[in-house]
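Reader: I have the model open and a few questions. Can we go through it together?

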Amino acid sequence: FPKFQAQLGCSGFIIYDSEQKLVTTKTLSFNEYRNRAFLDVEGRLSPLLQQAPPQNLVAKFETFQEGFDAERCLKKVVPVGHHAMDAQHDSCVNSLSDLAKHLTVKQLLVVQQELRAHFDEEETLLRKYGFGNAGPEGSSDSDLANDFSAFGSHAKDHRRILAVAEDALSKLHNVCGQSDAYGGTVPKAVAQELCQAFVDHASTFDSLYEGKLFDQAMKEKVVGWYEFTWQCGSFQVCFRPNGTFFCPEYSAPATWTMVENAVEIDWGRFGKYEMEFNPADRSMIGNEVPKDDTNGRNWRRAKFLQNISDAERIVLGDGGGTEWEFEWKEGKFLVMFQADGYNSFVCNDFPARAHWNLEGTEVAIHWGGCGNYKLSLDLESKVMEGGKLGV
């Protein structure tokens, strides 16, 4: 095993020859050099394999692609669920699209400045929530050199994209402003590379932080039972620890997540909601999505009632539900108490459309054609005992 710092894969390869002698400790990083990284590996392997190095591949990668459709390419940038970042991504996409259309140095400068501002703000946000083992605020580019964390790779890709724009600007610094106004000054290859780089970055790196920009302690504080209120009344809902949103009165497959201090609810057929969480009293205030101030039915409020009980935590487990051994006079089999939007009760040996509910330490099972059951849960032994109702 190498006695030097190394990371295989997208950050480069370690190459040994047939006699196990070290050829290189690190080929070019794909994260930083993209297609050139493959050329570097092939160029180093070819002499070892006694083969001629690949010809004209550099020229092939450097020239622009005929028929490249920037608009189609940029449509591959998808939302990450953070309003500010999504808005900035849309703005960057629009600027890149304008660059591909007009190919002016002026627009290239706009793209470079907008990308730099966006990348700086994004890195600040990732550091704030400790995404990808991000280092402290103020970490320098030199600190990234040996940073193999998810954040380090993300930030280095920012530098790679900016380098494309800055290198092109340095070569075009003497372009006359008047002639630039006619367009076509910036090589098509530069515009295409920037468009493709931004799309690749969004799918490879930005997608990783979707739904993860929040304070974990804050999210744990959201978990519990609430009184959910709107213009037409109130009812109880539960924010479960695994991100399941449960409402006994309006059952549906539903989830919740956090983006900074905002709680986002996807309630299936009952709509989507965005609520601002107040950690002081654990209350929420918000609206159905999209927000419409002219609609008197658009607002929503949630008042904290109680934490999830010890009995609920036993049945819910880590949040997704639990598996139990069910025993009766004719044998044993496995059953599952699922923590989905319906409180589904599942038994592969005796399948039926079934669900469960909990009141205190009393567990009720509605097992379709198999009947209804009531079991008492002992919190210490974590054992349920009871029987079929009506027998």
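Reader: What stands opposite glutamate 362 in strand 15?
Author: Glutamate 359 does. Strands here are DSSP runs of E with at least two residues, and helices are runs of H or I with at least four, numbered from the N terminus. This is a predicted model, where local features need pLDDT of at least 70 and side-chain atom pairs count only at pLDDT 80 or more, while totals for chains, interfaces and linings use all residues. Residues are numbered from 1 along each chain as its sequence is written, and side-chain values use heavy atoms, without hydrogens and water.

Reader: How many bridges join strand 14 to strand 15?
Author: 5, and the two strands run antiparallel. Two strands pair if DSSP finds at least two bridges between them.

Reader: And what order do the strands of that sheet take?
Author: The order is 14-15-16-17, in an open sheet with antiparallel pairing. Strand 14 (355–359) and strand 17 (383–388) are the edges, each pairing on one side only.

Reader: Switching to helices. At what angle do helix 8 and helix 10 pack?
Author: About 170°, with the axes 10 Å apart. Axes are lines fitted to C-alpha atoms over the stretch in contact, and angles run from 0 to 180 degrees between N-to-C directions. Helix 8 and helix 10 are therefore roughly antiparallel, a label for angles over 145 degrees.

Reader: Which residues of helix 10 meet helix 8?
Author: Val190, Glu193, Leu194, Ala197, Phe198 and His201. Contact means heavy atoms within 4.5 Å.

Reader: What does tryptophan 367 touch?
Author: Its contacts include Phe326, Phe333, Arg353 and Tyr373, leaving aside residues up to four places away in sequence.

Key:
Angles under 35 degrees count as roughly parallel, over 145 as roughly antiparallel, 65 to 115 as roughly perpendicular and the rest as oblique.
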